[in-house]
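Trainee: I would like to learn how to read side-chain contacts in a model. Please start with the charged ones.

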Amino acid sequence: MPTPDQIDGEQSSPVQPADQEILTKRDYINFNSHPSLTKILHKQGDQEVLFADKLLKFTSSGKMKSRILLITDFAIYIVDPEIDSLKRRIALAAVDKICITTRKASDYELEVVSSNRFEYNAQSDLVKEIEFEEVEGGVKTRILRK
């Protein structure tokens, strides 16, 4: 059985050196000041953080939950900051697209998308669209069924 960082029996491929240079300046949460995050990565065997930021997760019921997104040279991590718990680890070999910057993983390019809206499969038969709009005093978020 493959380990969490293996897909079809193959190890995940590290980010290429040129791509690491692009991502290294993208620590928006001061990762080193969060010992619980460091502990999570070390337990998984990863040490070098290429990207770190806060994000909002949208549940299938439309609720928003705070999460921390970490990208290392081998995997993407989703962490619940309220309980300092690893929610998901995704090997980079399993990633088709990431919406932060141009980068490579293995022998393929990840598509980069910049938009104020996105769609996701909330359930196997339900597609939702999230739309963000700047309004006076903040950002308005709409969740639509497609």
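Mentor: Begin with the term. A salt bridge is a side-chain nitrogen of Lys or Arg within 4 Å of a carboxyl oxygen of Asp or Glu. Side chains of opposite charge can pair when their charged atoms come close. Now the ground rules. This is a predicted model, where local features need pLDDT of at least 70, side-chain atom pairs count only at pLDDT 80 or more, and totals for chains, interfaces and linings use all residues. Residues are numbered from 1 along each chain as its sequence is written, and side-chain values use heavy atoms, with hydrogens and water left out.

Trainee: Which residues are linked in a network of salt bridges?

Mentor: Arg117, Glu129, Glu131, Glu133 and Arg142 are. Take two of the pairs. Glutamate 131 meets arginine 117 at 2.8 Å, N to O. Glutamate 131 sits in strand S11 and arginine 117 in strand S10, so this pair ties together parts 14 residues apart in sequence. (Strands are DSSP runs of E, at least two residues; helices are runs of H or I, at least four; both are numbered from the N terminus.) Arginine 142 and glutamate 133 meet at 2.4 Å, N to O.

Trainee: How many salt bridges does the structure hold?

Mentor: Six. One of them joins arginine 89 to aspartate 46, with the closest N and O atoms 3.3 Å apart. Arginine 89 lies in strand S7 and aspartate 46 in the loop between helix H2 and S4, so parts 43 residues apart in sequence are tied together. Arginine 89 is buried at 15%. Aspartate 46 is buried too, at 4%.

Trainee: How do I read aromatic rings?

Mentor: A pair of aromatic rings is described by the distance of the centres and the angle of the planes. Rings of Phe, Tyr and Trp (its six-membered ring) pair if their centres lie within 6.5 Å; planes under 30 degrees apart are stacked, over 60 edge-to-face, and the rest tilted.

Trainee: How many aromatic pairs does a search of the whole structure find?

Mentor: Four. Among them, phenylalanine 58 and phenylalanine 132 are tilted: 6.3 Å between centres, 55° between planes. Phenylalanine 58 is in strand S4 and phenylalanine 132 in strand S11, so the pair ties parts 74 residues apart in sequence. Phe58, Phe118 and Phe132 form one aromatic cluster.

Terms used:
Buried means under 20% relative accessible area, exposed over 50%, partly exposed in between (1.4 Å probe, protein chains only).
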